[in-house]
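Biologist: I am new to reading protein models and would like a close look at one part of this one. Could you take me through it step by step, starting from a single residue?

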Amino acid sequence: MNALTREGMARLVAGNLPRNSFVNLGIGAPTQIADHLREDSGVILHSENGILNLGPKPLPGQEDFDLINPGKAPVTIKTGGAYFDSSMAFAMMRGGHIDVAVLGAFQVSRSGDLANWNTGKSDGAPPAIGGAIDLAVGAKQIWVMMDHVTKDNAPRIVERCVLPLTAVGVVKRIFTNYCILTVTTEGLVVEAVVDGVSRDVLQGLTGTSLQFPQSTGVIHHDGSVVRGPARQDGP
């Protein structure tokens, strides 16, 4: 079945970020968004370990391992960028100065509850909530970028999270390898769905009910979205 790659998801989110906004990218897949921002987007990327105006990842052989993001991956910094200590970085987060934080997640509920604790299983790090808790309560908007289902095909978008919560009711938009969802007081609304994925298939991959308005768009594999009538069927 059609599904966006991680690169396709990153392009999709990058194309949706508000112009001239301050954005924090969570550890993991969201960091790829930096590689797909248009030069004229005006987006300024913030890193919780003390960098403002991050650029794309460095080319192979040009890495500076003294210049890293919170996930310890090498990064670049754009002209006009700045360095500062973690207290200042977290003051930006807690003070409401971040317009959008794009986080990874293990589960998101129908009402926007977020579960993205580090389990410590994959990288040896101790289980912890990390800076996500500060972003969850400090950023103006929380977006989630994640695979729609687990490796075992269990839904990550659920009626109620069963994993430890990072924050309650904070997620506004969800970007997956199959769709874009908006969290509303009435439930989850499908903004757009990947070309070739039907309503029935998408609903079957989701652990809570979805709403499909007539204006549902179609996501292409380059991350572009074409707005139009909702698809009624598909492969």
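Biologist: Where is the place of I142?

Modeller: I142 has its place in strand β8. Before we look around it, a word on the ground rules. This is a predicted model, in which local features need pLDDT of at least 70 and side-chain atom pairs count only at pLDDT 80 or more, while totals for chains, interfaces and linings use all residues. Residues are numbered from 1 along each chain as its sequence is written, and side-chain values use heavy atoms, leaving out hydrogens and water. Strands and helices are DSSP runs numbered from the N terminus (helices are H or I with at least four residues, strands are E with at least two).

Now to I142 itself. With 1% relative accessibility, I142 counts as buried; that word means under 20% relative accessible area, whereas exposed means over 50% and partly exposed lies in between, using a 1.4 Å probe and protein chains only. Leaving aside residues up to four places away in sequence, I142 touches A101, L103, L135, A136, V170, V171, K172 and R173. Touching, or contact, means heavy atoms within 4.5 Å.

The structure holds one aromatic pair. It is formed by W143 and F175, whose ring centres are 5.2 Å apart and whose planes meet at 35 degrees, so the pair is tilted. For such a pair, the rings of Phe, Tyr or Trp (its six-membered ring) must have centres within 6.5 Å; planes under 30 degrees apart count as stacked, over 60 as edge-to-face and the rest as tilted. W143 lies in β8 (residues 141–145) and F175 in β10 (residues 171–175), so the pair ties together parts 32 residues apart in sequence. W143 is buried at 2% relative accessible area, and F175 is buried at 0%. There is a charge here too: the charged end of R173 sits over the ring of W143, 4.7 Å from the ring centre. Sitting over a ring requires NZ of Lys or CZ of Arg within 6 Å of the ring centre and within 35 degrees of the ring normal.

W143 also leads us to V102, which touches V13, L17, V23, N24, L25, G26, P30, I33, W143 and M145, again not counting residues up to four places away in sequence. V102 is among the residues with the most contacts inside the largest nonpolar core, which has 61 residues; the others named are L17, I33, V171, I174 and L202. Such a core is a set of buried Ala, Val, Leu, Ile, Met, Phe, Trp, Tyr and Cys residues joined through side-chain atoms within 4.5 Å. In soluble globular proteins, nonpolar side chains tend to be buried together.

A101 in β5 stands opposite N24. Strand β5 (residues 100–103) pairs with β1 in the parallel sense over three bridges; to count as paired, two strands need at least two DSSP bridges between them. Strand β1 (residues 22–25) also pairs with β2 (residues 44–47), again parallel and over three bridges. Within that pairing, F22 stands opposite I44.
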